[in-house]
Amino acid sequence: MNTAFRDGFQSVYGARVLTEDFLPAVKACVEAGQTHFEAGGGARFQAPFFYCNESAFDMMDKFRATAGPDADLQTLARGINVVGLDSQSRDMIDLHAKMFKKHGITTIRNFDALNDVNNLIDSGRSITDHGLNHEVCVTMMELPPGCEGAHTVEFYQKTLQGIIDAKIPFTSVCFKDASGTSTPKKVYETIKMARKILPADCKIVFHSHETAGVGTVGYIAAIKAGADQVDCSMAPASGGTCQPDVATLWHALRGEDYDLDIDIDKMMHAESVFKDCMADYMLPPEAKSVEPMIPWSPMPGGALTANTQMMRDNNMMDKYEDCIHAMGEVVRRGGFGTSVTPVSQFYFQQAFNNVIFGPWEKIAEGYGKMVLGYFGKTPVAPDPEIVKIASEKLELEPTTANPVDLNDADPKKGVEPAKALLKENSLEETDENIFIAGACMQKGIDFLLGKMEVNGVRKGALTPAAQASATTAGGDGGYTVSVNGKKFAVDVKGDKATVNGKAYDIGVEDGIETSGTATVAHASADSVEVKAPMNAKVIKVVVNVGDLVNEGDVIFVVEAMKMEVEVKAASAGTITAIAVESGAQVTAGEAMASIN
């Protein structure tokens, strides 16, 4: 399967790619004889709404029109989470399959990050009931060195047997390693095991990434063990955090008893078209790298660049390496859910919190709910100390209940609450709109209301020309800048600045903006500043000047790394000044309001 236009986009560009830009490459692949494409799902459902101001359903329709009626178009689903980070009720799980069938999809690859078979039952039945091929997954990774208890061949055999025993209907089985950390020997033995258990005509697929440097070797091991299919991508969205390039694997198999059954010259022409399509997009350097720390993290390729892009959005790239190092402990103590969305995002969010706020001072909601059992059963029991901390900080008791039953009983989840949200905003209650509202919540509503704009798509044509003042306030050149006694090497060229070897987009304008950067006026020396806890975007201002607040009242809600954080009053008093508005970017420690 060609993964360039889904996993490739997620693993390089944070899934932020405009539809019209890549369709010529799809057409070139069809002309080269390609018939099987990954065409959506995963992060390529929410990202078009959040960043591209496009409908993912429209994107899938255009993909089908370009690929032709006979192509096998496949999407990625996250079990009970379908195409979001939060889990869903049964009616939303069923609506997902219905909508994806309607919009041209033929196959859905469906996984559960915890390998909890119960989380695959409802989604697998809905996918099949709506006439789609169900490719059920066993998710893989290598445990960090020194850890044991899961992610062995025996563990994967137990998971696969559980899928069979639960009578979940499927047409193929995928062993999915999003972090690319599984050792080639384990890949070989796992595929061998599956080949013995599954019917002879059942297609076995192996999926991996080059993030840890062993993706191609793992593919060859899988092929020799009896896999029928492996996933390949195309440059520039190949290698590094992505799948191996089709040309790389074609070359690696030369002289072997296996080949990819492709016309390599036509595929290389399609690859050149794809490179032209993506030439105006920023190619993050980390997307093309093999990262030696990944086996200790392990950070999936698809999540790595999504997180670095968000860190760039919030001017936090200097914290990236610290977060990767912190992630090892988070994985060790969290119950060994596979590092694939949404669990990989939970891992990274908790690592991020541990770096920004101090170890285990703030529990990321997704991570906390996972260790407490709200997403199902983790492969091994989480660290009891972390369970206790999560329970206290989230004010939730641990549970062993079926998460889908909990979601069905949750008045905030499901089709009816989504309909209510649409009605509240005077929006039409189509099936598409219901699913968008249920899966994307307020951001989905904002899209439907026309309030979203293209943002965070790192394409040259979308970058405003550098203001003249960007070069006059100091001008191009090299500088040594001291901040609180710490020196930074800064090289400025137009709208780019390289700080201690890391590149940033910059813009310098005369004056001080009234939102996001203004100093808060103090009514008296006794005034207390409300400060931003981290670099973030303000998504809600809860109070007005003159309001009375108590200590602990929520003043603002900010968002960073897909997490909403409440900024609370440190003391009781009257709001005497507000320096930011909704939509503003704030930096850690920046004054947002004043209380007297």
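The second largest pocket of this predicted model has a volume of about 490 Å³. A pocket is an open set of points on a 1 Å grid over the protein atoms alone, where a 1.4 Å probe fits, with protein on both sides within 12 Å along at least five of seven lines. The volume is the space filled by probe spheres set on the points, which are joined across faces, edges and corners. The pocket is lined by 23 residues, each with an atom within 4 Å of a point. Met1, Gln34, Val230, Leu260 and Ile262 lie nearest its centre. The lining holds 12 nonpolar, seven polar and four charged residues. Here Ala, Val, Leu, Ile, Met, Phe, Trp, Tyr, Cys and Pro count as nonpolar, Asp, Glu, Lys and Arg as charged, and the others, Gly among them, as polar.

Residues are numbered from 1 along each chain as its sequence is written, and side-chain values use heavy atoms, without hydrogens and water. Local features need pLDDT of at least 70 and side-chain atom pairs 80 or more, while totals for chains, interfaces and linings use all residues.

The structure holds 27 salt bridges (a side-chain nitrogen of Lys or Arg within 4 Å of a carboxyl oxygen of Asp or Glu). Arginine 6 and aspartate 7 form one of them, at 3.4 Å from N to O. Both are buried (under 20% relative accessible area; exposed is over 50%, partly exposed in between; 1.4 Å probe, protein chains only). Aspartate 383 bridges to arginine 333, with the closest N and O atoms 2.9 Å apart. Aspartate 383 lies in the loop between α15 and α16 and arginine 333 in helix α13, so the pair ties together parts 50 residues apart in sequence. Helices are DSSP runs (H or I, at least four residues), numbered from the N terminus. Aspartate 383 is partly exposed at 24%, whereas arginine 333 is buried at 16%.

Aromatic pairs number 24 (ring centres of Phe, Tyr or Trp, the last by its six-membered ring, within 6.5 Å; planes under 30 degrees apart are stacked, over 60 edge-to-face, the rest tilted). Phenylalanine 9 and phenylalanine 274 have ring centres 6.0 Å apart and planes at 50 degrees, so the pair is tilted. Phenylalanine 9 sits in helix α1 and phenylalanine 274 in helix α11, 265 residues apart in sequence. Phenylalanine 9 is buried at 0%, and phenylalanine 274 is buried at 0%. Phenylalanine 50 and tyrosine 51 pair edge-to-face, at 6.5 Å and 70 degrees.

Key
Helix = DSSP H or I, 4+ residues; strand = E, 2+ residues; numbered from the N terminus.
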